[in-house]
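Let's take a friendly first tour of this structure, going from the overall fold to the ligand and its surroundings.

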Amino acid sequence: MRIYAVANQKGGVGKTTTAVNLSHALANLGRRTLLIDLDPQANATSALGLEPKEGCSLYEVLQGRATVSSKIVELAENLAMIPAEIDLAGSEVEIARLPNHLTRVREVLHQFREVGGFRFCFIDCPPSVGILMTNALAAADGVIVPIQCEYFALEGLSKILQLIEQIRAATEQDSLRLEGILMTMFDARTRLSQQVVEDVNRYFPQQVFKTIIPRSIRLAEAPSHGKSIFSYDPNGVGARVYDQLAREFLERVEQRG
Ligand code: ATP
Ligand code: MG
C-alpha cells in the first residue's frame, strides 16, 4: 500500500474534493483504495455520506486502543474509508504529549500497509500545520498538493515544499516526496487562471499534473448529496477530469515501480 497525503496548509484549495474523487477514480480503475479523513472538519466523511460519529476515526487507533482494520468502512467496489470525528481536534493535544508524536500515524499505517490488501491510501489533511497534518506527511510516501488557480498560489506552494523538507529531515522519512501539484478550480475564461498555471508550470515543470481540474458546479454540489462525482454525475466533466487524473497518477507511480 502506497500512502499519499493530500495536503496544503491553505484552506479551500480542493484537498477534500481531490482526495474523495481521486480515491473513487482509482477504485473504478480496479485499484483497491483506502481514504482516511484526518481532518476534524470531517468534510470527506460527509462528502461520502458518512457521519463523523464518536469512535469512528483513527483517533482510538492512534491512542493504541483499536486496530486500523476495525475502523474501515466499505463504500463501493475497491473503495473503503476511515472517517473522521470532531474529537480528532482534541487528539492533537493528546498526541503532542507522546514521545513519538510526529510518527504515530506512520507507525499504525506502516504496520497495516502489508496486510490490509490495499494498493493506495490517501489521507485528507486539515488546512493547518498541526500535529495531524505533520503526522500525515510523516506517514506518506508522496504528497499531492492541490492549488487553486488564484493569486498567491506560488507563495503557499513554497511553504508546503519547505514543510515537506523539514518533515523528511525530522522523521528520517527519506522516501517522502512531492508526488504532484494539482491545479484546481481553473476558470478558462479568466486570464488569471491561465497565468497561474503558466507560472506554476515554469517553476515546477516536473511536478505539475497535466490534468487540470476546472471549476465545476457539479463537483461543488456532489458533497451535499453525500456522493463522489462518480455517483453524482458520472458522465459529466468532473468525473472525466478526475478519471483522467487517476490515469495520469497511475502512469507516474507505476512507471516508477
Ligand atoms: P479545507 O482547507 O477547508 O479542508 P479543501 O482544501 O479540502 O478545504 P475543498 O473542500 O475540496 O477544499 O473545496 C473547497 C470548496 O470548493 C468546497 O465547497 C468545494 O465543493 C469547492 N470546490 C472544490 N473543487 C471545486 C471545483 N473544481 N469546482 C468548483 N468547486 C469546487
Ligand atoms: Mg478539506
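What follows is a short walk through the protein chain and then the ligand site.

Keep in mind that this is a predicted model. Counting its secondary structure, you'll find 11 helices and 7 strands in the protein chain. How far does the C-alpha trace stretch along its principal axes? The spans are about 50 × 40 × 35 Å. The chain has 257 residues, and a compact globule of that length would have a radius of gyration near 18 Å; the value here is 17 Å, so the two agree.

Now for the ligand. Where does ligand 1 sit? Look in the largest pocket, and there it is. The elements that put two or more residues into the shell around ligand 1 are α1 (15-28) and α9 (217-221). Of the elements, α1 gives the most, with 3 residues.

Altogether there are 17 residues around ligand 1, and those that come nearest are Lys15, Thr16, Thr17, Pro214 and Ser216.

| Residue (backbone atom) | Atom of ligand 1 | Distance |
|---|---|---|
| Val13 (N or O) | oxygen | 3.0 Å |
| Gly14 (polar) | oxygen | 3.0 Å |
| Ser216 (N or O) | nitrogen | 2.8 Å |

And how much of ligand 1 does the protein cover? On its own, ligand 1 has 630 Å² of accessible area, and the protein covers 80% of that.

Technical notes: Residues are numbered from 1 along each chain as its sequence is written. Chains are lettered from A and ligands numbered from 1 in the order in which they are written. This is a predicted model: local features need pLDDT of at least 70, side-chain atom pairs count only at pLDDT 80 or more; totals for chains, interfaces and linings use all residues. Side-chain values use heavy atoms; hydrogens and water are left out. A residue is near a molecule or strand if one of its heavy atoms lies within 4 Å of it. A polar contact is a pair of N or O atoms within 3.5 Å; within protein, one must be able to donate a hydrogen and the other to accept it, and residues adjacent in sequence count only if both atoms are side-chain atoms. Accessible areas come from the Shrake-Rupley method with a 1.4 Å probe; for residues, only the protein chains shown count as cover. On a 1 Å grid over the protein atoms alone, a cavity is a set of points where a 1.4 Å probe fits but cannot get out, and a pocket is an open set with protein on both sides within 12 Å along at least five of seven lines; lining residues have an atom within 4 Å of a point. A molecule sits in a cavity or pocket if more than half of its atoms lie within 2 Å of its grid points. Helices (H or I, at least four residues) and strands (E, at least two) are DSSP runs, numbered from the N terminus. The radius of gyration is taken over C-alpha atoms; the globule rule is 2.2 Å times the number of residues to the power 0.38.
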